[in-house]
Amino acid sequence: LLPGVAWQPGLSVDLPVFSSGQHTLYQVTFTVLGTERVKVPAGTFEAWKVSVKGLPQAMTLYVSTVAPHRVLKAVSEGAPLEFVAAR
């Protein structure tokens, strides 16, 4: 779903997200905070920095600024957990 979003500065999108493990539907807000260069094992990319609120644990996503807008990095707030693009 995220690759289909028309990412742009200041964008805020509310989307329902279902957690199958908790059998719960969350109303999640994705807000573009700006752009940053992100270095991951797959390379270095210009990315939208996106705040994600409304889940049990807030997070920050880094989404490539060029289509198909892949998630390059996901960082959970308050936990030492990070996902990065490897290819």
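Two strands pair if DSSP finds at least two bridges between them. With that in hand, let's explore this predicted model.

Q: Which residue in β6 is the bridge partner of Lys73?
A: Start with β5 (residues 71-76), which is joined to β4 (residues 59-64) by 5 bridges, the two running antiparallel. Across from Lys73 of β5 stands Tyr62. β5 also pairs with β6 (residues 82-84) in the antiparallel sense, over 3 bridges. There, in β6, the bridge partner of Lys73 is Val84.

Q: Which residue takes a positive phi in the hairpin of β5 and β6?
A: Look at the hairpin of β4 and β5 to begin with: 6 residues lie between these strands, and His69 in the turn has a positive phi of about 55°. The hairpin of β5 and β6 has 5 residues between its strands, and the residue there with a positive phi, near 80°, is Gly78.

Q: What radius of gyration does the protein chain have, and why does it agree with a compact globule?
A: The C-alpha trace spans about 35 × 30 × 20 Å along its principal axes. Because a compact globule of 87 residues would have a radius of gyration near 12 Å, the value for the protein chain agrees: 13 Å.

Q: What share of the residues of the protein chain count as buried?
A: A residue is called buried when its relative accessible area is under 20%. Of the 87 residues, the share that counts as buried is 34%.

Notes
Residues are numbered from 1 along each chain as its sequence is written. This is a predicted model: local features need pLDDT of at least 70, side-chain atom pairs count only at pLDDT 80 or more; totals for chains, interfaces and linings use all residues. Side-chain values use heavy atoms; hydrogens and water are left out. The radius of gyration is taken over C-alpha atoms; the globule rule is 2.2 Å times the number of residues to the power 0.38. Buried means under 20% relative accessible area, exposed over 50%, partly exposed in between (1.4 Å probe, protein chains only). Helices (H or I, at least four residues) and strands (E, at least two) are DSSP runs, numbered from the N terminus.
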